[in-house]
Amino acid sequence: MNPDEKRKFGRTGLEVTAFAFGTAPLGNFLHEVGEDDAQEMIGHAWDAGIRFYDTAPMYGHGLAELRLGQALRWKRRDDFVLASKVGRVLHPARRADIDFTPWSNAAPNTMAFDYSYDGTMRAFEDSLQRLALERIDMLFIHDIDRFTQGDAQPEVFAQAMDGCWRALERLRDQGVVRAIGVGVNEWEVCYDAIRQRDFDCCLLAGRYTLLEQDALDRFLPLCEKQGVAVVVGGGFNSGILATGAVQGAKYNYAPAPAPVMERVARIEAICHAYDVPLPAAALQFVVAHPAIPTFCAGTRTVAQLEQNLRWFRHPIPGGFWHELKERGLLREDAPVPVADTAGPAMFQSQAASGGTSASPAP
């Protein structure tokens with residue numbers, strides 16, 4: 001697959017590259033990334049043809065937006081697509097008064113959840129100022145999932161479906177943004193959101209991967225029906241699909257349990273037989289689904305970014321995917337990428353009944 005391949009983004013009229021540059025590490029998540037390194041990474045992504053960039057006020061208390069804006073504001077604005085998020089409002093404060101956890105040496109702002117209409121408008125305007133760009137192409141309502149909100153999730157979700165929704169709908173109607181959606185860690189939340197409101201897109205972290213395909217039951221079919229585009233992040237399930245089943249491997253930000261380790265080891269055995277790097281299979285599998293035009297990955301170094309791009313380009317024979325399904329390691333109805341000898345990539349969806357359908361990648 002080509003990372004710089006342009007794909008239609010659902011019904012929005014936007015086009016995004018198949019590989020997207022995620023900026024959470026640029027906010028100094030867990031470890032500090034130097035200013036020069038941050039700018040070099042963005043420049044390297046640009047030179048590789050990447051034209052879709054995702055950020056958020058949360059990332060480094062605004063630091064990621066500041067850094068991304070610095071790099072992109074000198075580019076022709078129509079040449080790239082930019083996404084950010086709402087749901088948190090930042091306020092300048094003394095560094096000594098800020099708990100930056102889990103960010104390291106972030107921007108001097110406090111953060112507070114705010115899913116009201118006014119808070120959403122404030123978050124949007126503030127992001128524009130930090131980015132120093134005239135528009136943001138898509139906005140996601142951030143972290144209205146149980147993973148973030150705990151027992152308060154139903155109440156927070158209801159607030160967002162009122163306050164955030166009204167603000168985002170107005171911005172879309174005015175043409176200020178092109179696409180609006182939700183960015184969460186659970187497909188069920190995305191499913192509920194697109195059933196209740198006329199969203200264009202979702203950003204889903206870690207819930208559609210080589211290890212998890214439950215989103216095929218209800219969520220992804222509804223996205224196809226409604227023309228909702230899905231950006232997938234966390235395609236490595238927070239680590240194990242990049243490292244393999246090694247000691248200390250992480251799954252969903254915790255040590256991988258034994259059944260997950262065993263399953264990944266079985267997938268790795270097939271990878272070795274077909275000379276396919278496990279991370280290459282993890283990356284390419286995600287964007288084979290027709291509702292998922294792009295995969296978003298964040299990296300800390302240029303070397304990591306270049307490795308991801310190589311994995312994305314790595315040729316994978318069709319027999320590899322067939323064997324995963326034959327051995328019960330991948331759902332029968334999961335679309336898989338198939339290299340067409342004529343040139344362009346193809347989508348193939350093999351249903352449980354044994355039927356197949358193929359159509360050119362957008």
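What joins the side chains of Asp200 and Arg11? A polar contact of 3.1 Å does so, a polar contact being a pair of N or O atoms within 3.5 Å in which, within protein, one must be able to donate a hydrogen and the other to accept it, and residues adjacent in sequence count only if both atoms are side-chain atoms.

The model is predicted: local features need pLDDT of at least 70 and side-chain atom pairs count only at pLDDT 80 or more, while totals for chains, interfaces and linings use all residues. Residues are numbered from 1 along each chain as its sequence is written, and side-chain values use heavy atoms, with hydrogens and water left out.

**View 1. Surroundings of Asp200.** Asp200 lies in the loop between helix H6 (187–196) and strand E10 (201–205); helices (H or I, at least four residues) and strands (E, at least two) are DSSP runs numbered from the N terminus. With a relative accessible area of 6%, Asp200 is buried (buried, under 20%; exposed, over 50%; partly exposed, in between; 1.4 Å probe, protein chains only). Leaving aside neighbours within four places in sequence, its contacts (heavy atoms within 4.5 Å) include Arg11, Thr12, Arg172 and Arg178.

**View 2. Packing of helices H1 and H11.** Helix H1 (residues 35–47) packs against helix H11 (residues 302–313) at an angle of about 25 degrees, with the axes 9 Å apart. The crossing is right-handed. Glu40, Met41, His44 and Ala45 of H1 meet Val302, Leu305 and Glu306 of H11 in this contact.

**View 3. Position of Gly150.** Gly150 occupies the loop between helix H4 (146–149) and helix H5 (153–173). Its relative accessibility is 26%, and Gly150 therefore counts as partly exposed.

Conventions. Axes fitted to C-alpha atoms, helices over the stretch in contact; angles between N-to-C directions. Left-handed = near helix turned anticlockwise from the far one by under 90°.
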